[in-house]
Amino acid sequence: MKLLIFGKSGQVGWELQRALQPLGEVVALDASDADFADPRSVRSAAEAVGPDVIVNAAAYTAVDRAETDEATAMLVNAESVRELAAVAERRGAWLVHYSTDYVFDGKGSVPWCETDTAAPLNAYGRTKLAGEQAIAASACKHLVFRSSWVYAARGQNFVRTMLRLAGERQDLRVIADQHGVPTSAEFLADATCLAILRAHSSGGDGLSGTYHLAPRGHTCWHGIACETLRLAAAVGATLRVTPERVAPIGAADYPLPAPRPSNSRLNVDRVEALLGIRCPDWRVHLERTVAELVRGSNA
């Protein structure tokens, strides 16, 4: 099996390079190999490799900047994805693509199911939804994984930011009225490997489609911050801020250009039932990542 990864330098792409190695030959590309703002570049790169599976971890993820640069975000998150779907369809290949909880409007408190109506609040969400729709409109075999609040031991993410700020400041103020689940890039990559193996071996009958892929449970940004600092202290981190000194605030107290959904909970029953992926509690991978970050900083 030949697997092509786009976005190899990102959080998920980095982990995919590790996780997919047992499946076959892995070719990993970054922005210098395929510019997602130029859909023709993406199509040419995919055709040149001739993969059996395309895994797209490339995306325009600057949520606030997308409010004033939606055209570029649409090229990256939708038009280039459309080209990948066309290549996959012509080759009979699988396309794996990552989407987001931001396709929903965040109303209510019930976890979102795959069949719930998407209604993005911001430009980023609109472009990611357009990418999903481009894949669905094609006839390619696909696995679209919607996830939320992705973090890793590398790259820019909320967990690393909290650890840095807790070492610099005397106290922190973190939003407590937006609810969802932090998702480890490591978990996403390992789950993707299992999903590809299951889909490829089955021939894809009934498995092609959209899935929610995230850990079980839910919390808020304030909850993630407090748990991150608690876990860090437990493995010897020197911090100036303890969980008790993290003040909960409302999203209205920290305005951003792009509105965020207040409810980003995702129902993962479908991915567990159809693809056989067990989604652990959100704290499991957070503990591993925090330990890795703290021990790395102390080395």
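**Core.** I started with the largest nonpolar core, which has 66 residues. For my notes, a nonpolar core is a set of buried Ala, Val, Leu, Ile, Met, Phe, Trp, Tyr and Cys residues joined through side-chain atoms within 4.5 Å. Buried stands for under 20% relative accessible area, exposed for over 50%, and partly exposed for what lies in between (1.4 Å probe, protein chains only). Leu20 and Phe145 have the most contacts inside this core. Helix α6 (residues 185-202) gives the core its largest share, nine residues. I looked up Leu20 and found that it touches Leu3, Ile5, Val26, Val55, Cys193 and Ile196, leaving out residues up to four places away in sequence. Contact here is heavy atoms within 4.5 Å. Another core, of 30 residues, lies apart from the largest one, and I noted Ile54, Ala66, Val87 and Tyr124 among its members. In soluble globular proteins, nonpolar side chains tend to be buried together.

**Ground rules.** I am working from a predicted model, so local features need pLDDT of at least 70 and side-chain atom pairs count only at pLDDT 80 or more, while totals for chains, interfaces and linings use all residues. Numbering runs from 1 along each chain as its sequence is written, and side-chain values use heavy atoms, with hydrogens and water left out.

Helices (H or I, at least four residues) and strands (E, at least two) are DSSP runs, numbered from the N terminus. In α1 (residues 11-19), I listed Gln11, Val12, Gly13, Glu15, Leu16 and Ala19 as buried. Their cover includes β1, β3 (53-56), β4 (94-100), β6 (150-151) and α6.

Next I asked which residues of helix α2 (residues 39-49) are buried. They are Pro39, Ser41, Val42, Ala45, Ala46 and Val49. Looking down the axis of α2, I see its buried residues fall within an arc of 160°, so they line one face of the helix; the arc is that of the directions from the helix axis to the C-beta atoms. Arg40 and Ala48, on the other side of α2, are exposed. The buried residues of α2 pack against β1 (2-6), β2 (25-29) and α3 (70-91). Just after the helix, I noted that Gly50 has a positive phi of about 65°.

**Salt bridges.** Side chains of opposite charge can pair when their charged atoms come close. I counted a salt bridge where a side-chain nitrogen of Lys or Arg is within 4 Å of a carboxyl oxygen of Asp or Glu. The structure holds 16 of them.

Asp171 pairs with Arg245, with the closest N and O atoms 3.9 Å apart. This pair links distant parts of the chain, 74 residues apart: Asp171 is in the loop between α5 (158-166) and β7 (172-175), and Arg245 is in the loop between α7 (221-234) and β12 (246-249). Asp171 counts as partly exposed because its relative accessibility is 39%, and so does Arg245, at 42%.

I then looked up Arg216. Asp269 forms a salt bridge with Arg216, the closest N and O atoms being 3.0 Å apart. Asp269 is in helix α8 (residues 269-275), and Arg216 is in the loop between β10 (209-212) and β11 (219-220), 53 residues apart. Glu272 also bridges to Arg216, with 2.6 Å between the closest N and O atoms. Glu272 is in helix α8 too, 56 residues from Arg216.
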